[in-house]
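Hi there,

Here is the structure I promised to pass on.

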Amino acid sequence: MRNEDHADGPIASAAGLNFFYGEKQALVDINLDIARGLATALIGPSGCGKSTFLRCLNRMNDLVDGSRVEGTLTLDGEDINAPGVDVIDLRRRVGMVFQKPNPFPKSIYENVVYGLRIAGVRGRAELDAACEHSLRRSALWDEVKDRLRESAMGLSGGQHQRLCIARAVAVKPEIILMDEPCSALDPRSTVKIEDLISELKGDYTIVIVTHNMQQAARVSDRTAFFYEGKLMEEGETKKLFTTPVRKETEDYLTGRFG
Amino acid sequence: MARRRDATRSDGKAWIFLSWTSLFLILAMMGVLGLLICVNSFRALWPNRIEQVTLADGSVFLGFPVNADLSPEGLSRLQYKVANRELNSGADFRWVYARDIVSAARPPGAVLVNRAENGDFLGLPGPGADGSFEKPEQLRARLRSYRERWNAGAEPLRRKLASLGEDWQRVHLSALKAQYAMERAAAAPAKEESAKRLRAERERESAVKAESETLMGEFNRIKNDFSRETAVFATAEGETVVLPLSSIVDASWPNAMTVMERAGAFAVNVWRLLTHYPREANTEGGIYPALFGTVMLVFLMAVSAFPLGVAAGIYLREYAHDGILSRTARVAVNNLAGVPSIVYGIFGLGFFIYGMGGAIDDLIYPERVAAGINTYGGGGIIWSALTLGLLTLPVVIVATEEALATVPSEIRQGSLALGATRFQTLWRVILPMASPGILTGFILAMARAAGEVAPLMLTGAVKSAHNLPLDGNWPFVHLERKFMHLGFHIYDMGFQSPNVEASKPLVYLTALVLLILVFALNFSAITLRKRMRDKYAMKGF
Ligand SMILES: Nc1ncnc2c1ncn2[C@@H]1O[C@H](COP(=O)(O)OP(=O)(O)OP(=O)(O)O)[C@@H](O)[C@H]1O
Ligand SMILES: [Mg+2]
């Protein structure tokens, strides 16, 4: 499945990517490589297409009627929009965490193993192990290990978001996409999620959309700045924040808009 | 500007008062209706005292006071249920002017006899052949022993006869089939074959007939023996009345009862109401077949409408693209919800009974069609259930769609993003979350359908059906049978009865039972919804 030739190159890369919601073009000629094993932050003013780009990566945009992609977007060198590609398999390889925590109204355990169950995993031991592993990885294990069978709806907002991360981690994706994962959380929960991201990267490639510049600076290795559907600038986070090349980037970072 | 705002403010007050008044009016009307039904039902079941009324002209009668009003001349009148239909030239009730009443007493020996025919009998103890009067407990013991002996000696025979009747029906139908085959057989050997079968069937038919005739003779002899046992009563005027024990369903002495005994009799009356068959053109007896028919009808309707409606709702909400077709379907569904139920009845009659039922009969029972016998091509509980199902379908579809729409799209996306297919998402996440709403809508629709009468009148509800659509005779479930229904029963007793006045208490009771059934369904909907909500609660959303 995976293309070994690309083991060292970028895990995903967009070339000449255009995206349309019906008539409206949301992404214009994006050329962007997502570095393997690193955390990439997508920043930019509201409506500039960050979420759209993110959702191109696991083809969640397919769900929008009348949407259309042009150009190529590859994962491990394979075009994910090619006709024969299995979307289900793609989404297992590219997990996603949403802005609003969205646990299912099921038990904590069932939430975590959901992805495995729908993939057909039946073995009790395997599910138990995956559940514990994922919860540990998302720093939730100690808080919930005694109440795995209880409804997930009883957890706090921050715990919900970590549960969603555990749920994504359980299917062992290569990339985890996070769309403003902390915007609905209080500062303490935000810190926990940020720690978690730093913890997860390396094993997983992370792409995170954020409006919080400090957060981007803290958790990401590389940053891409989007503006009006175009990719303005991309580079090492430190460099981009200190010495931006484009004027728009500088304006945005200094808070002149957005 | 300021003046206008003031005007709106006072308007608002008037508006609130108006809404409050309408709410109060509605509540009051519901309260009055409920009270009316409950009070009248209670009066019908609670053992009332028998009054012995002496009139100015010296005549005496026994009766229950049931009503009072002013005559057109402004005189106060009382209505009594005097029963004893056969002695009062067919009338159960009697009006008397209050001023004509000299005295009203409650003789402790007054007896109320519930009879299998001619309605109730009201009387006093009468002298036996030797001039002695039988005590209530003696008569009660005699009745008990009579019933035991009847159950041991005659009842099995009666059952046997009934089942022989059904056997005969079956054999008769298969003889019909053999004859039909013979008449239509082209080749000689086939003709020969079916002729042989026909002869065999005919033999069986006459064997069954002979057996049932012998049994009938025996049964009549036994019945005759039993009918020799009698009890002697007297009317208020002192006339002796001899009633065979076989005609007595129950005898009671309400004037001598303690409160506890009354409560006991009340419970027995409730039990009888729910478990006995109607008697005497539905004016007496219980409502068991109607209750049974209603419950079974609602069950069949649920089984047919629920899966279809939910599937259609799911398709419309989850899969159908928002095109002309789905929009048309939605408009059609919403309009169907407003179609009068009688129109559904006509559709059921035309499509289900004449169309489908007729086709089934043509296909599997051509011989019966030739002989003019309907099986599925006539009204039946299955057709009524399907018609009602059709009637509830729009509600179920709309409820399903709405319940699905309340599931947040984040949840849907969360599942899809984990690599679930749409169907997995639907089945494992969305449906469980939508189920409280779906079920609530469905049960409410069911409750409405349970009280629906008009379409049933065209599709299989009848005033009297002794054979239930579910019984111990092969094949146990008889979906093609006509059935009785509480709603139709109310209509029949209240407006089609030969003796409307006498069936009035039963009308109230039947209405109460139907209401309880409907409320029970509604109540279960509410509990179910609450339990499901607790289970799939969406805290934090
Ligand atoms: N489902 C949709 N249908 C039509 N247009 C859409 C849809 N989703 C987004 N858009 C449009 O596409 C553009 C990019 O949207 P996108 O959600 O990617 O922005 P964003 O950068 O994530 O913004 P934010 O920071 O507010 O989340 C916006 O102009 C938006 O209005
Ligand atoms: Mg966004």
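How much area do chain A and chain B bury between them? About 2100 Å², with 63% of it on carbon and sulfur atoms; buried area here is the accessible area (1.4 Å probe) that two parts lose on being put together, summed over both. The contact (heavy atoms within 4.5 Å) takes 28 residues from chain A and 23 residues from chain B. Of the area that chain A buries against chain B, 26% is supplied by A:Pro105, A:Ile118 and A:Met153, more than by any other three residues.

Before the rest, a word on conventions. This is a predicted model, in which local features need pLDDT of at least 70 and side-chain atom pairs count only at pLDDT 80 or more, while totals for chains, interfaces and linings use all residues. Residues are numbered from 1 along each chain as its sequence is written, chains are lettered from A and ligands numbered from 1 in the order in which they are written, and side-chain values use heavy atoms, with hydrogens and water left out.

Now the sheets in chain A. Helices (H or I, at least four residues) and strands (E, at least two) are DSSP runs, numbered from the N terminus, and two strands pair if DSSP finds at least two bridges between them. One open sheet has 4 strands in the order β2-β1-β4-β5 (chain A), with antiparallel pairing. Its edge strands, each pairing on one side only, are β2 (24-34) and β5 of chain A. Going across this sheet:

- β1(A) and β2(A) are joined by 7 bridges, and A:Ala14 stands opposite A:Leu32 in β2(A).
- β1 (residues 12-21) and β4 (residues 67-75) of chain A are joined by 8 bridges, with A:Phe19 opposite A:Val69 in β4(A).
- β4(A) and β5 (residues 78-79) of chain A share 2 bridges, and A:Thr74 has A:Asp79 as its bridge partner. These two strands form a hairpin with 2 residues between them, and A:Asp76 in the turn has a positive phi of about 50°.

The other open sheet has 6 strands, ordered β6-β7-β8-β3-β9-β10 (chain A), and its pairing is mixed. Here β6 (94-97) and β10 (230-236) of chain A are the edge strands. β6(A) pairs with β7 (residues 175-179) of chain A in the parallel sense over 4 bridges, and A:Gly95 stands opposite A:Ile176 in β7(A).

α6(A) lies across β6 and β7 of chain A, running at about 170° to β6(A). Axes are lines fitted to C-alpha atoms, for helices over the stretch in contact, and angles run from 0 to 180 degrees between N-to-C directions. Helix α6 (residues 157-170) of chain A also packs with helix α7 (residues 187-200) of chain A, at an angle of about 20° and with the axes 9 Å apart. α6(A) and α7(A) are therefore roughly parallel to each other (angles under 35 degrees count as roughly parallel, over 145 as roughly antiparallel, 65 to 115 as roughly perpendicular and the rest as oblique). Among the residues that meet are A:Ile165 and A:Val169 in α6(A), and A:Ile193 and A:Leu196 in α7(A).

In chain B, helix α7 (residues 324-336) and helix α10 (residues 381-405) pack at about 125°, their axes 8 Å apart. That makes α7(B) oblique to α10(B). Residues making the contact include B:Val333 of α7(B) and B:Ile397 of α10(B).

Enjoy exploring!
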